[in-house]
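Here is a short report on one protein model. Keep the sequence and the 3D view open as you read.

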Amino acid sequence: MPSFTIHLLIPALLLLAARRFPDKMVFALLPLTLVPDLDFFIPPHRALLHSIFLPLAVGALAWHWRRRGDARWEWAMVATFYIASHPFMDLFAGGVVPLWPLSDQTFFIDLEVLIDTRTLQPTPIFEPGTVSGVPEVSPVYEFFSPLEAAMAALTLPVAAFFAWRRARRVKREIVIVAE
Ligand SMILES: [Zn+2]
């Protein structure tokens with residue numbers, strides 16, 4: 001899988017940028033981006049909860065609520081987007097079984113560009129394909145990867161610094177008001 005932080009961040013940033021749905025909704029439903037990977041514990045992984053039928057079912061609910069003028073359709077719509085974004089991204093990182101349980105065919109898209117640093121020769125790779133059977137899964141789930149470490153190392157000190165500065169400013173304002 002692409003890292004779990006990528007699964008969380010990219011769809012959320014897209015929704016925040018679109019400014020179509022309330023931020024509260026965008027953040028509250030964010031854990032749904034990770035739900036498909038629960039099939040790591042209830043195999044077959046990349047199939048049971050990575051199939052198109054899960055987002056289709058939630059999408060049908062959104063459509064039904066929208067037609068009835070039920071305001072909850074927006075929640076179901078964001079949920080559909082989040083749940084669908086996960087297998088879509090996995091398609092480019094190992095493949096998924098979109099029609100499970102009707103078919104165990106794995107679909108994947110290999111898309112990368114390699115550059116030989118000695119000749120500066122770029123090698124673009126674009127290989128969409130399918131293989132029969134569900135993807136082989138390592139029993140080790142890489143929850144915190146070097147990518148997470150790099151993001152945390154950058155994010156946490158910066159966030160801590162701004163939180164500290166803000167707390168100091170608030171305290172100063174209280175002192176000024178008290179005078
Ligand atoms: Zn996944």
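## About the model

This is a predicted model: local features need pLDDT of at least 70, side-chain atom pairs count only at pLDDT 80 or more, and totals for chains, interfaces and linings use all residues. Residues are numbered from 1 along each chain as its sequence is written.

## Overall shape

The protein has five helices and two strands. Helices (H or I, at least four residues) and strands (E, at least two) are DSSP runs, numbered from the N terminus. Along the sequence, the pattern reads α-α-α-α-β-β-α.

The radius of gyration is 21 Å, whereas a compact globule of 179 residues would have one near 16 Å. This radius is taken over C-alpha atoms, and the globule rule is 2.2 Å times the number of residues to the power 0.38. Along the principal axes, the C-alpha atoms fill a box of roughly 75 × 60 × 30 Å.

The protein is divided into domain 1 (4-138) and domain 2 (144-179). These bounds come from an automatic or database domain assignment. The C-alpha centres of the two domains lie 33 Å apart.

## Burial and contacts

How much of the protein counts as buried? The share is 22% of the 179 residues. A residue is buried if 20 or more other C-beta atoms lie within 10 Å of its own, exposed if 12 or fewer, and partly exposed in between; the C-beta atoms are placed from the backbone.

Two residues are in contact if their C-beta atoms, placed from the backbone, lie within 7 Å. Take the contacts between residues at least 6 apart in sequence: 57% of them join residues at least 24 apart.

## Helix 1

Helix 1 (4-18) has 15 residues. From its first C-alpha to its last, helix 1 reaches 22 Å, close to the expected 21 Å. The expected span is 1.5 Å times one less than the number of residues.

Which residues of helix 1 are buried? They are His7, Pro11 and Leu15. The buried residues of helix 1 pack against helix 2 and helix 4. On the other side of helix 1, Leu13 and Ala17 are exposed.

## Two nonpolar cores

A nonpolar core is a set of buried Ala, Val, Leu, Ile, Met, Phe, Trp, Tyr and Cys residues joined through C-beta atoms within 7 Å. The largest one has 15 residues. Leu29, Val58, Val78, Ala79, Tyr82 and Ile83 have the most contacts inside it. Helix 3 and helix 4 each supply at least two residues of this core. Helix 4 gives the largest share, seven residues. Leaving out residues up to four places away in sequence, Tyr82 touches Pro11, Leu29, Leu32 and Thr33.

Trp100 is buried, with 22 C-beta neighbours inside 10 Å. Beyond its neighbours within four places in sequence, Trp100 is in contact with Ala47, Leu48 and Ser51. Trp100 and Val134 are 34 residues apart along the chain, and their C-alpha atoms are separated by 9.1 Å.

Most residues other than glycine have a negative phi, and most peptide bonds are trans. Here are some exceptions.

Arg19 follows helix 1 and has a positive phi, near 55 degrees. Arg19 sits in the loop between helix 1 and helix 2. Is Arg19 buried or exposed? Arg19 is exposed, with 9 other C-beta atoms within 10 Å. Arg46 also has a positive phi, near 65 degrees. Arg46 lies in the loop between helix 2 and helix 3. Arg46 counts as buried, with 28 C-beta neighbours inside 10 Å.

Where are the cis peptide bonds described here? One joins Pro43 and Pro44, with omega about 5 degrees. Pro44 is in the loop between helix 2 (23-28) and helix 3 (53-67). Another runs from Trp100 to Pro101, with omega near 5 degrees. Pro101 is found in the loop between helix 4 (73-90) and strand 1 (105-116).
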